[in-house]
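Visitor: Could you take me through the aromatic rings and the confidence of this structure, reasoning step by step?

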Amino acid sequence: MLRNTRSFPQTACALIALVVLNACPAAARDIHVSTQAEYTEAVKAANPGDTIVLANGEWRDFEILFTGTGKADAPITLTAETKGDVIITGQSNLRLAGKHLVVSGLVFRDGYSPTNAVIQFRRTKGEYAYHSRVTEVVIDHFNNPERYEDDMWVALYGKHNRFDHNHLEGKSNRGVTLAVRMDEEVSRENQHRIDHNYFGPRPILGSNGGETIRIGTSHYSLSDSLTVVENNYFDRCNGEVEIISSKSGGNVFRGNLFFESRGTLTLRHGNNNLIENNVFLGNGVDHTGGIRVINKGQTVRNNYMHGLTGHRFGGGFVVMNGVPNSRINRYHQVDGAVIENNSIIDVDHIELGAGSDEERTATPTNSVFRANLVYNADGSENITVYDDMSGIEFSDNSLNVEVELAVAANGLLYPVDPSLANVGASKDLAVLQRSSTGPSWYPKPGFGDRFDGGTTHAVEAGLDTLVAVVAAAGPGDVVELAAGDYLVTRTIPIDKPLTVRGKGAVRIEFERRALFEIVDGGSLKIDGVTISGASSPDRHGNAAIRTSRYSMLNNFALIIENSVFEDLDTNHSFNALTVAKHTFADRIEISNSKFRNVTGTVLALDVENDDLGIYNAEYITITGSSFDNIGKAVADVYRGGTDESTFGPHIDVSSSTVTSAGKDARNKSGASIRLHGVQATDIADNTFVDSEAILVWETVGEPVTSIRNNVFKGTEEPVIDTSLRPKTNKPDIQEQGSVE
Ligand code: CA
């Protein structure tokens, strides 16, 4: 039953009606609904001013179609009985089409959209929303379970729509978090407003398609979008190299705060955009970037950037070279840029003329760079000029000269010297508070390490004693093994972050083809344990640890310290770690550990072999460890394709010894360490004895390969092959494919 509550005071209405005939709306009603059928009826019946109220509780498999024509002063509203207590789960989404519609108070979680988007401002092609608003709505980890199945969480169409005070956290499958679509004329010059949203952590995707906001596409990029993006908080938005990709004209990015987010706000395509009053706080986190300028008529003023470490196209401040007579999807020349009153403090890289090569020869022109403050406390020179910068007029800047800074009332740093009062960002720059974004009633995530915060469970040695304790443990818990021998007769799934720690001499044998299987949501730390393959089956392709054979949405971590892996040799191709396609580690760390008598690969990270720019691990670190009699490679890392939307993989190998590695006839890598398409390699202070060589294929981007202070005995010198590197570094940041 629909329950209607008259909320408009009828006597007041009658009085007004006496004064202005026909101006009084029908009495606005609250229409309470508690089933999907009631909702559908309520939408049909709703008049301007009415509010449809969803009953508190879970609404499963609910594809909400919200259509209607409200009025500017009497919108039709869809809301929750109690904001935050209406949970939309399962196969669900929301479409708005019509005019003057408002949606608020809903939480999307524990499910995903069966279509291209979770929230779309259209019913279908041609039926769009105008003057409509989505506010105080939450989308929390509402991800398609297939990591590389694209969707958008929010797709804005039509004109004059507002998306504000929403909370979007944990998008982990491919596809931009929020897109402004300009495919049809009616969606251009849209004047949408995107404000006061909380864009929560977006984990590293390990592929293109991890942008947080994209406005337009290259195809329509010479049209104006006129979208305003202001006072939004970007908290650890790490999906890929572009946090925001502006691909249209006339947009304004104002007053946003970028906190420890990898990547940049990129003016990728389109002209006459304005970036002002934004704050970028990198806190020294890897690959944190600022602003990248391309195209005509861009203004960048009064922004504050601090502690950004990014380099190349992901630098703290980047002005690109263009391509003469560029195609629409390449790089248009920077022309008429105004870059003024920005503070760029303790930023590692400012890149001018970035991308200069045989193709990108059009240097910036008619541009000014004035009254900016550039200062690094450590005195390092951070400005790199790649080409002729005479098309930029530099004036009134303070560039890397000694400046005394003090913290002002807004918490930011400013020069003490009054003669520099007009250099850098202004003192009244408002720093956006995290708490002023998103709905106040939905908690924002914390900062803890995934392995911390749990309790410790004791396990006695013996047969399968480990199994039940691991199953019962909670996220972050420690399973502490008493000294002795353990035999495990089944593969143990790891579905939460868990530490397995030996207390005394602990030795584990296992009878299945893997001891541990990290499944979605799992991470594993192994500390002070010996794992032996001696009891495992006489079959090829075993692994001490493997990942789920199904796509994993959640990135995992694997930490191995003070441990021994041995006798992984009951048959050939026995790996320490085997990963499956579409699983991704944000870190793998091995320290103070020994690996001996392994017929396969220690870290087999080579299964994304479709050359689509996808890979298996972001940071791989090996230190203080030994590898003895390894049939295949110690690490086999493969990242194929020419796309440049990602920062990794990164690998560090240090202070370790590698003896008799890579000699098995089945070692297709032909190497003791094989790195293909790795972006940052540091192999230092190791000893290689009677092993195959280190083989590095540099394929894409500007990879940095450092191999130093190693000793090679009975081992060929490393081979770094650059023949697969593209001459002109193209294509660069590829167009995120439309998901339609
Ligand atoms: Ca991209």
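What follows is a set of questions and answers on a predicted model.

Visitor: What pLDDT does the chain average?
Guide: The model is predicted, and each residue carries a confidence score. Of the residues, 94% score at least 70, and the chain averages a pLDDT of 94.

Visitor: How many residues apart in sequence are Tyr-128 and Tyr-157, which form an aromatic pair?
Guide: The two rings are stacked, 5.5 Å centre to centre with 10° between the planes. Tyr-128 lies in strand β13, whereas Tyr-157 lies in the loop between β16 and β17, so the pair ties together parts that are apart in sequence by 29 residues.

Visitor: Is the pair of Phe-595 and Phe-627 stacked or edge-to-face?
Guide: Phe-595 belongs to strand β58 and Phe-627 to strand β61, 32 residues apart. Planes under 30 degrees apart count as stacked. The ring centres are 5.2 Å apart and the planes are at 10°, so the pair is stacked.

Visitor: Is Phe-595 buried or exposed?
Guide: Buried means under 20% relative accessible area. Phe-595 has 1% relative accessibility, and therefore counts as buried.

Visitor: Which ring does the charged end of Arg-360 sit over?
Guide: Elsewhere, Arg-312 lies over the face of Phe-313, at 4.3 Å from the ring centre. The charged end of Arg-360 sits 5.0 Å from the centre of another ring, that of Tyr-331.

Methods. Residues numbered from 1 in each chain as written. Predicted model: local features only at pLDDT ≥ 70, side-chain atom pairs only at ≥ 80, totals over all residues. Heavy atoms only, no water. pLDDT = per-residue confidence, 0-100. Phe/Tyr/Trp six-rings, centres within 6.5 Å; stacked < 30°, edge-to-face > 60°. Helix = DSSP H or I, 4+ residues; strand = E, 2+ residues; numbered from the N terminus. Buried < 20%, exposed > 50% of the residue type's maximum accessible area, 1.4 Å probe, protein only. Lys NZ or Arg CZ within 6 Å of the ring centre and 35° of its normal.
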